[in-house]
Amino acid sequence: MKKITFYILFSILGFMASAQNAAISKPNVIYILADDMGRGMLSYYGQKIVKTPNIDKIAKQGVSFNRSYAGVYCAPSRASLITGYSDCRKGKYILTQAGIYEKVAKGLLSDERAQAKVDSIVGGEPDITYLPQLFKQAGYITGEIGKLDYGFVTTTNQMKKHGWDYWYGYYDHQQCHGFYPMFLHENGKMISIPGNTRPDAGKTGEWGSEEGEKERWNMEGKTVYSQDLFLDKILSFIHQNKNKPFFLYHPTQLPHGPVSIPAIHPDFVFNNKLTQIEKEYASMLKKLDDNVGIIMDELKKTGLDKNTIIVFSSDNGHELYYSYKGRVEKPYKNMQTGKGFDNITEKFYSNIGGDVFDGNNGMAGLKRMNWEGGARVPLFISWPGYFKQNVVLQQLVGNYDFMATIAELLHIKPKDKKDGASFLSTLKGKKNEAEHDAIAFASPMGPALITYDGWKLRYLAAKKIYQLYYLPNDYKEEHDLVQQQPGKVEALKKILAEKCDGDVNNGWFNDDRDVKAVR
């Protein structure tokens with residue numbers, strides 16, 4: 001009898017161990033992508049005005065990559081993440097012009113017709129493995145909530161093709177410039193949002209003038225804030241799929257402008273060092289941090305916190321959405337001299353550009369620029385008990401490396417050869433044999449190359465100018481070494497051209513050339 005009892009107990013323990021191992025081999029994954037948020041906006045990197053304890057916690061209980069690069073511009077960067085290819089490559093994704101769904105909101109076009117117009121273009125996408133497809137091959141439920149797919153517009157057919165089981169959010173990135181949409185799409189259905197009646201989703205201007213403040217706080221037709229809808233759907237998705245492995249991708253609008261927030265956060269109400277519009281912008285970031293905290297608390301309540309990988313990053317570097325006459329202005333200029341920047345020897349820095357937040361963390365440049373401030377972004381990854389904790393890594397990574405990392409974790413091989421290199425070994429505290437020798441990213445200024453040992457080759461395409469920096473000794477990109485290091489320049493020019501499919505101009509992003517018009 002004792003033998004039988006022991007056998008039963010042993011079998012039960014074995015079954016429990018097998019179930020636990022199965023869970024460990026398929027952890028849930030939640031990827032939160034901030035919009036236009038420079039790393040300097042996080043208190044983890046020294047932000048003094050806005051405290052971000054919840055986002056910081058992901059870094060402190062996990063791994064922080066200090067040399068993480070995305071793209072410098074919304075849709076190309078997101079396409080890079082979803083496809084696993086550098087945005088310097090050609091023919092790996094199709095970007096479509098935003099704005100058509102505003103015609104739907106105005107009643108000028110049916111939803112079906114708008115989608116058909118977009119489908120006529122994106123239907124020609126390459127036959128490759130997309131990020132959610134990778135998860136689906138491993139038996140995951142996939143969901144995307146927020147600013148959908150890579151843009152600038154998407155459709156139901158494209159969402160299905162890319163491998164999303166569930167989705168809720170904006171099909172149009174121009175509509176994302178407002179936070180009070182008349183409708184969103186959920187699994188292909190257009191869902192009306194009662195109380196929101198503005199075809200432009202409540203978009204306002206970017207100036208912190210008295211007139212601008214009145215416009216922003218005119219709440220007529222602005223009842224339901226999009227991020228509140230997204231949070232509800234995120235929590236529901238977690239609950240509905242808590243007993244199966246899931247991948248949840250949340251590309252939030254926050255803190256992309258124009259500035260819009262239902263209420264000023266208490267942390268900033270009485271801060272007389274901030275303008276009104278700066279208080280509103282800070283509140284947007286604070287709301288994102290609060291939402292991250294709610295998501296993490298929900299994982300703990302449902303018992304999923306120990307078996308969920310959380311990733312936090314941004315699509316590109318910092319952008320200024322809180323212009324105020326005489327303080328910080330767009331077009332960007334040196335607020336001390338009143339002159340603009342030539343982006344050769346004169347470049348944006350927060351201290352001379354008037355950015356009270358120092359959103360680019362002391363680096364040169366902003367969104368759209370191939371300076372460090374345009375592309376170097378936070379990347380925090382946490383999986384308690386399995387990945388290293390409170391570790392800062394100097395490994396060179398691009399946002400397209402995430403797919404390669406997940407492929408290794410789940411033992412799934414994409415059908416096409418990607419540009420990414422897995423950093424899974426690094427997360428586990430082991431030596432990584434797959435680290436990049438160099439990575440490249442595109443920009444409206446031209447491409448840039450970053451090497452493993454810290455050299456940066458920057459190309460200003462319109463003027464056919466190359467610049468060379470050694471980042472370990474030159475965080476602010478102040479010392480161009482192109483004249484002192486001609487041999488290094490020539491060697492890196494060849495590598496950059498290779499990463500741009502043989503032509504550096506492939507890394508010179510242009511809306512008119514690289515974004516397909518939807519007619």
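Start by colouring the chain by pLDDT, the predictor's confidence in each residue, from 0 to 100. The average over the protein chain is 95, and 95% of the residues score at least 70. Now select residues 5–23: here the pLDDT is below 50. Beyond near neighbours in sequence, that stretch has one contact in the model, a contact being heavy atoms within 4.5 Å. Where pLDDT is low, the predicted coordinates should not be read in detail.

Some ground rules before moving on. This is a predicted model, so to speak of a local feature takes a pLDDT of at least 70 and side-chain atom pairs count only at 80 or more, while totals for chains, interfaces and linings use all residues. Residues are numbered from 1 along each chain as its sequence is written, and side-chain values use heavy atoms, with hydrogens and water left out. Helices (H or I, at least four residues) and strands (E, at least two) are DSSP runs, numbered from the N terminus.

**Stop 1: the sheet of 10 strands**

Show the cartoon and follow the open sheet in the order β7-β6-β5-β4-β8-β1-β9-β10-β2-β11, where the pairing is mixed. Two strands pair if DSSP finds at least two bridges between them. At the edges you'll find β7 (189–192) and β11 (391–398); each has a single partner strand, so one side of each is left without a neighbour in the sheet. From one strand to the next, the twist averages 15 degrees. Angles run from 0 to 180 degrees between N-to-C directions, with axes being lines fitted to C-alpha atoms, for helices over the stretch in contact.

Next, pick residues 28–34 and 308–314. These are β1 and β9, parallel strands joined by seven bridges. Click on Ile30: its bridge partner in β9 is Ile310.

**Stop 2**

Most residues other than glycine have a negative phi, and most peptide bonds are trans. Select Asp36, in the loop between β1 and α2 (53–60). Asp36 is not a glycine, yet its phi is positive, at about 60 degrees.

Now go to Gly151 and Phe152, joined by a cis peptide bond with omega of about 15 degrees. Phe152 sits in the loop between β4 and α7 (156–162). Another cis bond runs from Lys330 to Pro331, with omega near 0 degrees; look for Pro331 in the loop between β9 and α11 (350–353).

**Stop 3: the largest pocket**

The volume is about 430 Å³. On a 1 Å grid over the protein atoms alone, a pocket is an open set of points with protein on both sides within 12 Å along at least five of seven lines, a cavity is a set where a 1.4 Å probe fits but cannot get out, and lining residues have an atom within 4 Å of a point. Grid points are joined across faces, edges and corners, and a volume is the space filled by probe spheres set on the points.

The elements giving two or more residues to this pocket's lining are α16 (511–514) and β16 (515–516). The lining divides into eight nonpolar, six polar and 10 charged residues. Ala, Val, Leu, Ile, Met, Phe, Trp, Tyr, Cys and Pro count as nonpolar, Asp, Glu, Lys and Arg as charged, and the others, Gly among them, as polar.

**Stop 4: the largest cavity**

The count comes to six cavities of 30 Å³ or more, and the largest holds about 70 Å³ of space. To find that one, select some of its lining, including Tyr31, Ser68, Asp401 and Phe423. At least two lining residues come from each of β2 (63–69), β10 (379–382) and α13 (401–410).

**Stop 5: the sheet of four strands**

Finish with the open, antiparallel sheet β12-β13-β14-β15. Its edge strands are β12 (438–441) and β15 (465–470). In β13, Leu449 is the bridge partner of Ala440. Last, select residues 486–499: helix α15 packs on this sheet, touching β12, β13, β14 (455–460) and β15, and its direction makes about 70 degrees with that of β14.
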